[in-house]
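Here is a short note on the model, for your review. Please read it alongside the coordinates.

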Number of protein chains: 2
Amino acid sequence: MMIGIDLGGTNTKIGLVRPGGEVASKANCATPLVGGAEAVIEVIARTVEELLLGMDGSRRAVVGAGIGAPGPLSLDKGIIHQAVNLPGWTNVAIRDLLSDRLGVPVLLENDGNAAAYGEFWAGAGKDGKDMVMLTLGTGVGAGVIINGQLLHGHFENAAEVGHMIVERDGLPCPCGQRGCLERYVGAAAVARRVEQAIRDGALSVLEERLHDGYRIDGKAVVEAAKQGDQLCLDVWREACEYLAIACVNLQHLFNPARIVLGGGLAQAGSFLIDPVIEATRRRGWSPCMSGSGFDDAPEIQQAQLGYQAGMIGAAGCAWARFGERHA
Amino acid sequence: MMIGIDLGGTNTKIGLVRPGGEVASKANCATPLVGGAEAVIEVIARTVEELLLGMDGSRRAVVGAGIGAPGPLSLDKGIIHQAVNLPGWTNVAIRDLLSDRLGVPVLLENDGNAAAYGEFWAGAGKDGKDMVMLTLGTGVGAGVIINGQLLHGHFENAAEVGHMIVERDGLPCPCGQRGCLERYVGAAAVARRVEQAIRDGALSVLEERLHDGYRIDGKAVVEAAKQGDQLCLDVWREACEYLAIACVNLQHLFNPARIVLGGGLAQAGSFLIDPVIEATRRRGWSPCMSGSGFDDAPEIQQAQLGYQAGMIGAAGCAWARFGERHA
């Protein structure tokens, strides 16, 4: 059994994952926001014990653990340099701390990479070797698989697709750039754009919710757009356009067999996938290829593992690293 | 000895390259534009014979050949699907035709990839494992090296950085897209923008040249900008801004140790590199990393091999493929 952990700013998902990707047991815990890394590690360790107890498993059955975490990270050193949604976490040696507490070897992976590896290993990318995954959560995470391996890059911070600039001098991003993809297609960005438009006087069925003091979230925007709310439809369509530009760029740069869209917003299904594919075809190349029959457009597909992708993928990365040692 | 060939729309560069990257002998031939692939192959074969004669070399000393060609290509099948600057070339099995004529194994590589591999193997990227190269020629070629290997992608058409969309709904590109990087930073694009501005009434020292019936080229724009011509300076600065956006995106996607700028426009040296580095810093991220000491900005450097990069790189790819067989 391999422990898979998806460390998030709100929740941490923990599972026991078999060599083939099957989840034997899992739990979803609130991430403690006080007590720093120690408190989080304690929650993880106790949850693993409960999961093992619940399935009459022994600690000896556990080969190791993989943890997906927000970055920037040093994968090789096992350090979280900073995590925007985990206040006070600066240069935390999460891998070694967790390994000491769990008594097994631990692998640290970027959360976007872990989710991508999960889909590659046990989900939408199972039958291929090259794919890119975008996780449309609050922000936009991503991971790139080349020839069966996660791309890490020289600084171990590759595949930050959410911070690809898609609009020159566009909306400011907390990362310090302008026009990042994440500012246009993440759930938070989509929701904030609708809120701002309502405050600026645009009509929407979500107006009442905002005036009642509630924040609008990505899911509400999708629901309202599906019901024909013009403002939400406009914001959604624009998000799909930017996502299509991102897909065209990913096609030209990585030339993957498929691009997998996951995360909360991707649960919109064909309401997301269809307009993205349409816009990708409209915005992508082709006339110069006429007559040659050459076509390098990737399949654009919905993810299959839902919220478990990161947890399963973290375990999958750990299986790839520690599995042989065990066998 | 390995034969290195850089097949271009105007000239074809042919060289005999030693295992360490040293060019033993070389020639630059006009690419025949009539007679199709057969005429080109004939010129290549004759030139190789002349080069061998000139250095008292025997055909037996030739291990194989690498040819870099414009795409799209099928590398695995050795086919040029289409080449915009080689009229009538559709689905040409260049590798096998050339191999039959030369009597040695031949490797086909994309021209941008070949130039990148040349710089990686014997130029600016010699001491690293991960780099991206942009060749700022008439258009924008590129190649990506990950862990010492060229990135090809599932469809063997990766690293088409020139067709990364950097301006939503921007200038139309012959490829069918809008806002491609190549439309803003290639030598042809820069020259056409200056020409158009002059026709629209802008003042420039290059006005007379245009009115005399000559086309303006990228080199002339660089020279005029260096001498303070306001129009050329504006166009050049804008090209540098778009190039910086491309560099920021390449940083986030591939996370290379270095980005190497080559091709004709890169001969502008610090007049190109300095403003690109400045704009990359200004447009790139950093505030979110404060306190952690994390920095993943690649070095941005000028290429070292000049116009020989593609030829040397084609030979380098062939050495990597056929060298062991020979040893």
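Predicted model: local features only at pLDDT ≥ 70, side-chain atom pairs only at ≥ 80, totals over all residues.

1. Residues are numbered from 1 along each chain as written, chains are lettered from A and ligands numbered from 1 in written order, and side-chain values use heavy atoms, without hydrogens or water.

2. Chain A has 10 helices and 13 strands. These are DSSP runs (helices H or I, at least four residues; strands E, at least two), numbered from the N terminus. The radius of gyration of chain A is 20 Å, close to the 20 Å from the globule rule for 327 residues, so chain A is as compact as a globular protein of that length. Here the radius is taken over C-alpha atoms, and the rule is 2.2 Å times the number of residues to the power 0.38. The C-alpha trace spans about 60 × 55 × 35 Å along its principal axes.

3. Of the 327 residues of chain A, 59% are buried (under 20% relative accessible area, 1.4 Å probe, protein chains only). Take contacts (heavy atoms within 4.5 Å) between residues at least 6 apart in sequence: 63% join residues at least 24 apart.

4. Chain A exposes about 13300 Å², with 47% supplied by carbon and sulfur atoms. The areas are Shrake-Rupley values with a 1.4 Å probe.

5. A rotation of 180° with 0.0 Å of shift along its axis superposes chain A on chain B, at RMSD 0.0 Å. The two copies are thus related as by a two-fold rotation axis. The same surface serves both: 100% of the contact residues of chain A recur in chain B. Superposition is by least squares on C-alpha atoms of residues with pLDDT of at least 70 in both copies.

Key:
Buried < 20%, exposed > 50% of the residue type's maximum accessible area, 1.4 Å probe, protein only.
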